[in-house]
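Here are my notes on the ligand site and the pockets, point by point. Have the model open while you read.

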Amino acid sequence: MPRLLSWGCWRAALARARHPIFSAGHRGTSGGRSCARDPPAGVVELQGELDRFGGVSVSLAGLSSLDRLDAATFQRGLLAAIQQWRSEGRIAVWLHIPILQSRFIAPAASLGFSFHHAESDSSTLTLWLGEGPNRLPRYATHQVGVAGAVFDENTRKILIVQDRNKLKNMWKFPGGLSEPGEDIGDTAVREVFEETGIKSEFRSLLSIRQQHGNPGVFGKSDMYIICRLKPYSFTINFCQHECLRCEWIDLYDLVKTENTTPITSRVARLLLYGYKEGFDKIDLTMEEFPAVYTGLFYKLYHKKLPENYKTMIKNVPNSYLNV
Ligand SMILES: NC(=O)C1=CN([C@@H]2O[C@H](COP(=O)(O)OP(=O)(O)OC[C@H]3O[C@@H](n4cnc5c(N)ncnc54)[C@H](O)[C@@H]3O)[C@@H](O)[C@H]2O)C=CC1
Ligand SMILES: [Mg+2]
C-alpha cells in the first residue's frame, strides 16, 4: 500500500531572522506539498508519515537544523503543525525524539503530548487528536522469561540451578529474559548454555506462567515459559556471576524436594508424567508457518495434531465428522 506523507513544513528561518517563524504545511489533495517546493536555506522541513490508522508519525532524527532551535520556537512550530494535522482530520501524532534532542520533550508535553515508550537512543511521545477517548495501543505489557528443563531420558537426570542475587536460593531450572526478536526455544537453549555450560536442543513448550506486579519488572507483567530441552553435552561449567550451584539430579528427587519453587515442582511432576506415559501427553510442539506479511514467519505451539487433521480438506463432509 503506498505510503502517504503528510508534510508539515515549518518555515524556521533560523540563525539570521530575529524572530524565526513557522507555518505548518500539509500534503495537498493533488499530492503536492503546500510548502514551497524548494524551501529557502534554513527551512526545517518535517515529514509527517501517515500510518494506516490516520495518525501522523514525525521523527526529529537527522534534522540538524533543529540543533540551533530553542524550545519556545519549537513549541510554536509544533502547535502550528498540530493545528494543521487536526484540520486534516489526523487522529494522532507520534513524535520520535532522539535522546540528544530531549530538550524538545517539555515543549511537546506542554501541548498535550505524553510518553508512549523509550528505547536506548530515542523516546516516542503521542498526542491523541481523534474523537472520544485515546484509542492508541499501549507499549509492551510483559517481559518474557524462558527456562529450560533439560531432561536426560537415558539417566532420568534433570539439570537445576540455584540463582545468585535471589532472596531465597531454591532449586529452579536455568533460564532468563528473552532478547528482542529471539524465539522462545532459542532463549531457553542460550540461557541454559550461558548459565550451566550445557548444550541442548529445544523439544517442546511445557508451561506458561503469567504473573502481574512482579517486583523488578518495571511495572510490567511477567510471562515465564518453561521448555523441555534434550541435552547433548553433560559436563557442567556454570556461570559464577549468575548461579550459586548447578547440578544434575534424579527427576524423582526434584519432585520430592521442598527446596524449590512451586512452579519448578509442578513442572517436575509434569515431566515425570511425560517420562512415564509419553511426552506427547505434555508437549506443546512447535511448527513454523509463513506469516501473512510477506517474508515473515512465525512459530506456532500446540498439542500434536494428527496428520489427517492437518491435511483434512476444508469442505469435509459432516459424515466424516460424525456430526
Ligand atoms: N523458578 C522461578 O520461580 C523463578 C522464575 N524466574 C523467572 O525467570 C525469568 C527471569 O530469569 P532470571 O534468571 O532472573 O533472568 P536472567 O537469567 O536473564 O538474569 C538476569 C540477570 O540480571 C540481573 N538483574 C536483574 N535485575 C537487575 C537489576 N535491576 N540490576 C542489576 N542486575 C539485575 C540478575 O541478578 C541476573 O543475574 C523471569 O520470567 C522470572 O519470572 C526467576 C526466578 C525464579
Ligand atoms: Mg537466569
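Which residues are closest to ligand 1, and how many surround it?

1. Ligand 1 has 19 residues around it, and the closest are Lys-166, Gly-175, Glu-195, Arg-209 and Asp-222. A residue goes into this shell if one of its heavy atoms lies within 4 Å of the molecule. Before going on: this is a predicted model, where local features need pLDDT of at least 70, side-chain atom pairs count only at pLDDT 80 or more, and totals for chains, interfaces and linings use all residues. Residues are numbered from 1 along each chain as its sequence is written, chains are lettered from A and ligands numbered from 1 in the order written, and side-chain values use heavy atoms, with hydrogens and water left out.

2. Now the polar contacts (pairs of N or O atoms within 3.5 Å). Glu-195 puts a polar side-chain atom 2.8 Å from an oxygen of ligand 1, while Gly-175 has a backbone N or O atom 2.9 Å from a ligand oxygen. For Tyr-224, a polar side-chain atom lies 3.5 Å from a nitrogen of ligand 1. On its own the ligand has 850 Å² of accessible area (Shrake-Rupley, 1.4 Å probe), and the protein covers 62% of that.

3. Which elements build the shell? Strand 7 (142–152), strand 10 (175–177), helix 3 (184–196), strand 12 (221–231) and helix 5 (262–277) each supply at least two residues. Strand 10 has the largest share, 3 residues. By class the shell has 3 nonpolar, 8 polar and 8 charged residues, with Gly counted among the polar ones and Tyr among the nonpolar.

4. Ligand 1 sits in the largest pocket, in the sense that more than half of its atoms lie within 2 Å of the pocket's grid points. A pocket here is an open set of points on a 1 Å grid over the protein atoms alone, with protein on both sides within 12 Å along at least five of seven lines; lining residues have an atom within 4 Å of a point. This pocket holds about 1,100 Å³ of space. Asp-163, Lys-166, Lys-172, Arg-209 and Asn-214 lie nearest its centre, out of 29 lining residues.

5. The second largest pocket has a volume of about 750 Å³. Its lining has 21 residues, with Ala-140, His-142, Gln-143, Val-144 and Ser-178 closest to the centre. Strand 7 gives the most to this lining, 3 residues.

Terms used: Polar contact = N/O pair within 3.5 Å; in protein donor to acceptor, adjacent residues only side chain to side chain. 1 Å grid on protein atoms, 1.4 Å probe; cavity = no way out; pocket = protein on both sides within 12 Å on 5 of 7 lines; lining within 4 Å. Helix = DSSP H or I, 4+ residues; strand = E, 2+ residues; numbered from the N terminus. Points joined across faces, edges and corners; volume = space filled by probe spheres on them.
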